[in-house]
Amino acid sequence: MKQFKIKTINAIAKEGLRLFDTRFVVHPDEANPEGIVVRSSKVDLGQYPDLLAVARAGAGVNNIPVEEATEKGICVFNTPGANANAVVELVYTSLGIWLRNVEKSIEFCQGLTGMNDEEINKEVEARKKKFKGEEMSGKTLAVFGLGKIGVGVANAGLHHGMRVLGFDPFPALDNIHHLAPEVTLARSRKEALAEADFISIHMPLNKNTRGYVTEKDFLEFVKDGAVLINYARGPIVDEDAVLATLACGRLRGHISDFPSVKFLGHDKILVTPHLGASTSESEENCATMAVKELKNYLEFGNIVHSVNFPNIETIPTVDVHTRLTVINRDQPGMIGMISNILGAEHINIMNYTNKSNGTVGYNIIDCSGPVPAGVQAKIAEQEGVLRVRVIPLEIRGKQG
């Protein structure tokens, strides 16, 4: 029975790693893995010639060269929603700290050390007005990016008594279906920003969102006195633009999970050290989902939650001897070409499933007999084909 070699990068929660059975050899020092589980470290694909898939235990994949992976036929997975609750809770924790001056009031209390109770009570009564804050209830929250985290933040805003606006130029229906009906979908950035007291950013980092929050077409529309919250990715926000908007008073505060030289020590900026998904529950959820995705792909060729390949999942019957998977550029004639090659070799196709994401096509072909290496090579050499895998299933069928 073939064993798959798995490399772990960063500390991956043991609850997830336990899901790897005897078909997998897992080690952080694996030199030539077929699968990688990673958190935040950058992945150099050129080091691993046999790599088939990378599973990111988290939502963002900016530490993985996705376009390079696609060209090499490497499937990249993420774990959307696994850390959503952790981020949602921290957004409201940090906003509450900001609005109620909690950080400054704690520093004040620490400065009372050495006084007796009478002196402490006197100081508290004399100076507590300095820390008077405000409530979230009755304010307007605008959420930019309605993925699983953004939807969670928007829905939680309602429970805090806020009016909530949501904006996403390319919303996924699966996520929108979970959005509370009381959340208003804004028709434009300008419409959402003009009314928002609090602006919360929840977009993935990619070439379209890098520098998304800048002066032109974003901060210029912000309502005077708004607070900007970024628990997505640091580079989505143009730091110089935020500093300028704070200086002129249009923004009165910025809450960020991404410390930087420009932000540290600023009296209008509250910074946390990238704590968004840093809970034991979140790390366990992410690791568990990542391992399940990777196992399903390596053992059966199924794809769930890929960021570069179409999602496609089929269950092979016990009569299937071999599963063939083909990754190709999305171009006409691929299904016919693959079918003709298999037919010419008298290989019986029991089931053929194909799906495309507009860039890449993915084919799962279940065959009643073996697929020789020569046939695999012949398909692989066709124009537009990125990768071909042969997955023997007869052993698992006999065990089942």
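The model is predicted. The chain contains 13 helices and 16 strands, and its C-alpha trace spans about 90 × 45 × 35 Å along the principal axes. Of its 400 residues, 48% are buried. Where contacts link residues at least 6 apart in sequence, 65% of them join residues at least 24 apart.

**Nonpolar cores**

- The largest nonpolar core comprises 30 residues, and those with the most contacts inside it are Tyr92, Leu141, Val153, Phe198, Ile229 and Ile255.
- At least two residues of this core come from each of α3, β6 (140-144), α6 (148-159) and β10 (226-230).
- Helix α3 provides the largest share of this core, with nine residues.
- Val153, one of the residues with the most contacts inside the largest core, touches Val88, Val91, Tyr92, Leu141, Val143, Ser200 and His202 when residues up to four places away in sequence are not counted.

**The second largest pocket**

- The second largest pocket holds about 450 Å³ of space.
- Its lining consists of 20 residues, and Trp98, Glu103, Lys104, Asp267 and Ile269 lie nearest the centre of the pocket.
- Three elements, α3 (84-99), α4 (102-110) and β12 (269-271), each supply at least two residues of this lining.
- The element that gives the most to the lining is α4, with four residues.
- By class, the lining residues of this pocket are nine nonpolar, four polar and seven charged.

**The enclosed cavity**

- Rolling a probe the size of a water molecule over the atoms shows where empty space is left.
- The count is one cavity of 30 Å³ or more, and the largest cavity contains about 30 Å³ of space.
- The residues lining the largest cavity are Asn230, Gly234, Val237, Glu239, His254, Ser256, Phe258 and Phe263.
- This lining comprises three nonpolar, four polar and one charged residues.

**Asn363, a buried polar side chain**

- Asn363 belongs to strand β15 (residues 360-367).
- Because its relative accessibility is 0%, Asn363 counts as buried.
- The side chains of Asn363 and Asn354 are joined by a polar contact of 2.7 Å.
- Beyond its neighbours within four places in sequence, Asn363 is in contact with Leu324, Thr325, Val326, Asn328, Ile335, Ile338, Tyr352, Thr353 and Asn354.

**Helix α5**

- Helix α5 (residues 117-127) lies largely in the open, because the number of buried residues among its 11 is zero.
- At the start of α5, a side-chain oxygen of Asn116 comes to within 3.1 Å of the backbone nitrogen of Glu118.

**Ala31, an exposed loop residue**

- Ala31 is located in the loop between β2 (24-27) and β3 (35-38).
- With 59% relative accessibility, Ala31 counts as exposed.
- Not counting residues up to four places away in sequence, Ala31 touches Gln47 and Tyr48.
- The C-alpha atoms of Ala31 and Phe198 are 47 Å apart in space, and the two residues are 167 residues apart in sequence.
- Phe198 is one of the residues with the most contacts inside the largest nonpolar core.

**Loop residues with positive phi**

- Most residues other than glycine have a negative phi.
- Asp217 has a positive phi, near 70°, and is placed in the loop between β9 (198-201) and β10.
- At 32% relative accessibility, Asp217 counts as partly exposed.
- His346 also has a positive phi, near 60°, and is placed in the loop between α11 (334-344) and β14 (349-356).
- The relative accessibility of His346 is 75%, so His346 counts as exposed.

How values were computed
Residues numbered from 1 in each chain as written. Predicted model: local features only at pLDDT ≥ 70, side-chain atom pairs only at ≥ 80, totals over all residues. Heavy atoms only, no water. 1 Å grid on protein atoms, 1.4 Å probe; cavity = no way out; pocket = protein on both sides within 12 Å on 5 of 7 lines; lining within 4 Å. Points joined across faces, edges and corners; volume = space filled by probe spheres on them. Nonpolar A, V, L, I, M, F, W, Y, C, P; charged D, E, K, R; others polar. Core = buried A, V, L, I, M, F, W, Y, C linked by side-chain atoms within 4.5 Å. Buried < 20%, exposed > 50% of the residue type's maximum accessible area, 1.4 Å probe, protein only. Contact = heavy atoms within 4.5 Å. Polar contact = N/O pair within 3.5 Å; in protein donor to acceptor, adjacent residues only side chain to side chain.
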